[in-house]
Amino acid sequence: MIENHQVLFRKYRPQFFKDVIYQDLAVGSLQNAFKSKKIGHAYIFIGPRGVGKTTIARILAKRLNCERPDGVEPCNECTSCTEITKGNSNDVFEIDAASNSGVDNIRELRENVKFNAMGGKYRVYILDEVHMLSGAAFNALLKTLEEPPAHVVFILATTEYHKIPETILSRCQDFHFRKVPVTVLQNYIETLCTKENLKYDSEGLFWIAKKGDGSVRDTLSFMEQAVIFTDGNLTGAKLRKMIGYHGIETFQDFLDQLLDSSKAAGIFETLENLFQAGIDLSKFIWDFIEFLNSLLLIKDNLADRESINIPQEDLLKLKQTYRELDREVLVLLAERIFSIHEKLHLMKLRSSYEMKVYLEIQFRKLILDREKPSISGLLSKITELTKLVQADVSHMPDLAPQLDSKKEISPSNPNPSTTQEKSQPDKTNVQKKDSPADVERLLKENFSGVEVDPNQFKNLS
């Protein structure tokens, strides 16, 4: 007979406040309420999925009805605690607001809250996804939520805070739950691996935690799947294969092929290999965009952010490899490839072959555009040439005074102060001054020692 298997997120669901990870603000506030004996009549738990809202609501219900509480914690052994843990308590009602969103459901709830608790002190109503209630249902709940019977406590849970009417929020104590950081999730699942006798390495735990996206439940669900896929060997190499991560080496090669036009043929070989392997080309392009963004974060000294989808070991390699890469080139390249990915989704191509053809065309165009001189590059070159020309001109001697002096002391004009000869120079003098022999002589006098390559002007007409 096959034994019933209990999934990890149910097996390791916290049963005490102290077992909840990373929600210290909410847990600490509730513990203080029990210490000071100031229990509210309505709470609203706000936060992303799988971070402990329903779990803490159940622990709160257990502590409220516990027969032998241990300070701020429930004993988890009495009849009330056991029934709540098993989910068959007559005093705790978990209602899915998504499927009970009508005004009639709330009217029924209003009638039921009048009855006293059967076993414990309180009747606890836990409304999951309360934002799914209709407007009429919210209005029907208002009065009961504001002044419920003394033996009733409401706990509302939602992932979409902005959909809750202000009239509801004003009647509840609100507690905000946060996503759990990757490092915290890694440490948590490492303890579970030890309990479950699973093999693992740091990279394998990193990918499991990243896949959870801040949700403890999603992390444990993916871990359950990974255990089956890897046969209990949660190593980075096997997890990369499971999630379809290509590794930084593939992205590094792809980036080098884009930056070096002599390696451009490798781009199309990579796309062809991915297509033949049945890999989603759209996902590959998006992963490459994330890779470029990670390089930019490294440039900006923001590589330690939780959102980066690259293990720390690989980040260290990237810091060394691309230390000298121009940041502007990365920004422009990331922008162009993001535009390609955006168009790819808008076109809604029918097959992976059509995606491959589209990407090949787009990358050919990208390579051609990179080979063309950019406007900024041309302006930079023009500026450099202008400075060189200005520097050369500033070193050239002034020829005008020398030409004027020669004209004034020429043999045909012995008196340089004569007004008529200044205003009407002799034609023979002009011809002599402009003769090739004189020009050549002046150039030799003023530019002697300056070497000029005649071939540099051969293209000028």
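Helices here are DSSP runs of H or I with at least four residues, and strands are runs of E with at least two, numbered from the N terminus. By that count, the protein chain of this predicted model has 22 helices and 7 strands.

Start with the whole chain selected. Of its 461 residues, 39% are buried. Among contacts with a separation of 6 or more, 73% join residues 24 or more positions apart.

Next, select residues 53-65, which form helix 3, and pick out Thr 55 within this helix. Thr 55 has a relative accessible area of 11%, so it counts as buried, the cut-off being under 20%.

Move on to helix 10 (residues 216-230) and helix 11 (residues 236-243). Their axes lie 11 Å apart and the packing angle is about 110°, which means that helix 10 is roughly perpendicular to helix 11. Show side chains where they meet: helix 10 brings Phe 222, Gln 225, Ala 226, Phe 229 and Thr 230, and helix 11 brings Lys 238, Leu 239, Met 242 and Ile 243. By class, this contact has 6 nonpolar, 2 polar and 1 charged residues.

Finish at helix 12, residues 247-259. At 1.5 Å a residue, its 13 residues should span 18 Å, and the 19 Å between its end C-alpha atoms agrees with this. Colour the buried residues of helix 12, among them Gly 247, Ile 248, Phe 251, Phe 254 and Leu 258.

Key:
Residues numbered from 1 in each chain as written. Predicted model: local features only at pLDDT ≥ 70, side-chain atom pairs only at ≥ 80, totals over all residues. Heavy atoms only, no water. Expected span 1.5 Å × (residues − 1). Buried < 20%, exposed > 50% of the residue type's maximum accessible area, 1.4 Å probe, protein only. Contact = heavy atoms within 4.5 Å. Axes fitted to C-alpha atoms, helices over the stretch in contact; angles between N-to-C directions. Parallel < 35°, antiparallel > 145°, perpendicular 65-115°, else oblique. Nonpolar A, V, L, I, M, F, W, Y, C, P; charged D, E, K, R; others polar.
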